[in-house]
Amino acid sequence: MNNRPVWIQNIGELATLKSAQTGPRIGEDMNDLGLINNGSVWVEKGRIEAVGTTIEIKEKYESRMEEADVIDAGGRLITPGLVDPHTHFVYGGSREEEFERRLQGYTYMEIMNAGGGIHSTAKKTDDTPYSQLLKESSNRLDLFLHHGVTTIEGKSGYGTALDTELKQLRIMRELNEQHPIDIVSTFMGAHAIPKSFAGREERYVESVINEMIPAVMAEDLAEFIDVFCEKDVFSIEQSRRILLAGKKAGLRAKIHADEIVATGGAELAAQLEAISAEHLLKTELAGMKAMAEAGVIACLLPATALFLGEKPADARTMIDLGVPVAISTDCNPGSSPTVSMPLVMNLACLLMKMTPAEALTAATYNAACAINREDRIGSIEEGKQADLALWNVSSYRELQYFFGVNHIHSVWKRGELVINGFGR
């Protein structure tokens, strides 16, 4: 760790995301970015010590200027490091042939029910040695970091048996210790019913509850539990049982809900007080209202909708109803093979009609809330981790306006310059 203070000055627009509100931002508060023009940040020992205008910080630390590494932001935009709250980044193989099949008219569920989809990736992940899977996953994290992501959630779920579920989660734990990106782990043994359990679906549900959850908790490998609540996957009642078992063991609930059809997954998320519900492409008004009342965060995945040729989630109605919204890449080999949170912010505006400010809030502070990390990341405030992204634009509006471009210049993780665009 750099023991010298770091003073970043001459920030054209500093989007602090600081607010008097606690908890995830909802409604109009999602447009409040806590902007500071000609901003400045003082960092010490990996933490943010002070935030203000360049003049204010200069006056406050005038006697210590010679101690600090001074960085001129060149009038560029600085935001909190991006937070990706929904990924499946530990997996083996790829599924580009399924992409071609979908272009020929096959649906996601048709491919999966024929042995492709999640089943295909599970088999490849089973067969990939630990060391290779670790290396491939680390390489993916490098790409995330180069797109401004400093914290990521990762799910298991690409295994046909407990051994592979544990392998994925152990890799996440090892990468969390080795890689600059912080990793938050989610157990998702209920991602699909393995082909070996065809006709014995209840037996697999019991295996998740009675064998997998205890094994995961014995090694303290996860913080959250997730389930793919969907037609022909896990029913509402099966999902309820799995999530309640996870909660009883100490895991907080998340849920893949209403992606293919409206099953009532959003309502279940509200009933169980899940921290978040994911996808929500088909969620109906009653489900949105239930989530708003329960404070469940909607984790929306516009890149997945784009890649599958589906209509995206109705973010506009959710925000207007008071549902807190986060966004994510859903990085996975089948339905969203991307690591670009900047693109996801663009798509949130273009496809889901979110404002540029709402998209940035959804990719930083609300995303941090969706993984229970808002006390340390997601905004640029005194006492928080110095996770910062410097962009080659002068304002957050430009960041969303120039779409399909990675504008990242430099990235700091806990005050360390891990992506260095200076001197280009």
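For contacts I count heavy atoms within 4.5 Å. The model is predicted, so I take local features at pLDDT of at least 70 and side-chain atom pairs at pLDDT 80 or more, while totals for chains, interfaces and linings use all residues. Numbering runs from 1 along each chain as its sequence is written, and side-chain values use heavy atoms, with hydrogens and water left out.

Entry: the site. I checked UniProt, where an unreviewed entry puts "binding site" at Tyr158, Asn332 and Gly334; such annotations may be inferred rather than shown by experiment. The three span 177 residues in sequence, yet no two of their C-alpha atoms are more than 11.5 Å apart, so they gather at one spot.

Entry: Asn332. I found Asn332 in the loop between β13 (325-327) and α13 (341-352) (DSSP runs: helices H or I, at least four residues; strands E, at least two; numbered from the N terminus). Asn332 is buried at 4% relative accessible area (buried is under 20%, exposed over 50%, partly exposed in between; 1.4 Å probe, protein chains only). Leaving out residues up to four places away in sequence, Asn332 touches His88, Tyr91, Tyr158 and Pro337.

Entry: Tyr158. I traced Tyr158 to the loop between β7 (149-155) and α6 (162-178), and Tyr158 is buried too, at 2%.

Entry: I noted a positive phi near 55 degrees at Asn10, which lies in strand β1 (residues 6-15) and is partly exposed at 29%. Asn372 has phi near 60 degrees, again positive in a non-glycine residue, and is partly exposed at 30%.
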